[in-house]
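Subject: Structure handover

Hi,

Here is the structure I promised to pass on.

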Amino acid sequence: MGIHHYFKSLSDLETLVRCPGRFKYHEHNVASHSFKVTKISQFLGTVEEQNGQEVDWKALYEKALNHDYAELFTGDIKTPVKYASVELRDLFSQVEDEMVKKFISTEFPPQFQEVYRGRFKEGKDASLEGKILSVADKIDLLYESFGEIQKGNPDPLFMEIYQGALSTIVRFKELQCVQYFLEYILPDMLSEKFIPHSELKEQTQRLIQEGDE
C-alpha cells in the first residue's frame, strides 16, 4: 500500500498492449504511447504558441502524461469498440473514473489525493490544452495504424482505425497545429513507399475534404 504501488504500476503500463487480440507487425504499449503523445503534444503546443496562443504548459504536460493511466485497470479497448456509441463510451469513462478514484483513495496519502484526482481525470476537455491532447492522441494512433498498413497488414481494422483517427484530427481544424499537421506532416507520411499507397492516399484526401464541408 502507498506510493510504492503507484511507482510500481508505472512499469505495469509497459505490459499493456495496445489493440490487443490482433496480429501486428509492431506491438505498442500504453507506456510508450503516453510518452509519444506527450512529445507530440509538446510540438503541437509549440506551433500554437508561435501563432500567438497562450499555452499552459504545466496543464498540457500533466494531461498528456496521465491521459491513459486508467487503462491500467481496464486494459486498452480498441477505439472502434470504445466509441461504438455514446452510451458505451460514457460507461467506459465512468468505470475508469471510479477505479482511479478507488486507487487514489487506497494508495495515496491524504495530502496528495486531491492533486492526483485532478491529474488523473479526463484531460480531453474544451481548453486549448485539452484539444491539443485530443489531436496528439489521434496522431499517435494514426501513426500506429499507418505502420501496419505500410507493412501490408491485411486486417481491415487498421484502415478503420486510420480513418477514425484522421477524422477526429480534422474536426480540430481550427487549431493552427492541425493545419500545420495536415499541410506539412501528413503529406510527408503519405510520400513514403508502401503497398496500398494509392488507396490510402485517396481515403486521406476524402476525409480531409469532408472536414472542409
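**Two helices side by side**

The axes of H9 and H10 come within 11 Å of each other and cross at roughly 150 degrees. That makes H9 roughly antiparallel to H10 (angles over 145 degrees count as roughly antiparallel, under 35 as roughly parallel, 65 to 115 as roughly perpendicular and the rest as oblique). Axes here are lines fitted to C-alpha atoms, for helices over the stretch in contact, with angles running from 0 to 180 degrees between N-to-C directions. Helices are DSSP runs of H or I with at least four residues, and strands are runs of E with at least two, numbered from the N terminus.

Before going further, some housekeeping: this is a predicted model, so local features need pLDDT of at least 70 and side-chain atom pairs count only at pLDDT 80 or more, while totals for chains, interfaces and linings use all residues. Residues are numbered from 1 along each chain as its sequence is written, and side-chain values use heavy atoms, with hydrogens and water left out.

Back to the helix pair: from H9, Tyr162, Leu166, Ile169 and Val170 meet Val178, Phe181, Leu182, Leu186, Met189 and Leu190 of H10. Contact means heavy atoms within 4.5 Å. Pro187 also lies in H10. Pro187 is partly exposed, at 38% relative accessible area (buried is under 20%, exposed over 50%, partly exposed in between, using a 1.4 Å probe and protein chains only). Apart from neighbours within four places in sequence, Pro187 is in contact with Phe181 and Leu182.

**The cores**

The largest nonpolar core has 39 residues, and Leu142, Tyr162 and Leu186 have the most contacts inside it. A nonpolar core is a set of buried Ala, Val, Leu, Ile, Met, Phe, Trp, Tyr and Cys residues joined through side-chain atoms within 4.5 Å. H2, H3, H8, H9, H10 and H11 each give two or more residues to this core, and H8 supplies the largest share, ten residues.

In H3, you'll find Leu60, Lys63, Ala64 and Asn66 buried. The buried residues of H3 pack against H2, H7 and H8.

**Aromatic rings**

There are 15 aromatic pairs in the structure. Rings of Phe, Tyr and Trp (its six-membered ring) pair if their centres lie within 6.5 Å; planes under 30 degrees apart are stacked, over 60 edge-to-face, and the rest tilted. Tyr69 and Phe103 have ring centres 6.1 Å apart and planes at 50 degrees, so that pair is tilted. Tyr69 sits in the loop between H3 and H4 and Phe103 in H6, so the pair ties together parts 34 residues apart in sequence. Both Tyr69 and Phe103 are buried.

Tyr116 and Phe120 make an edge-to-face pair, 5.5 Å centre to centre with 65 degrees between the planes. They are four residues apart in H7, separated by about one helical turn, and both Tyr116 and Phe120 are buried. The charged end of Arg119 sits over the Tyr116 ring, 5.0 Å from its centre (this needs NZ of Lys or CZ of Arg within 6 Å of the ring centre and within 35 degrees of the ring normal).

Ring pairs link Tyr6, Phe7, Tyr69, Phe73, Phe103, Phe108, Tyr116 and Phe120 into a cluster.

Cheers
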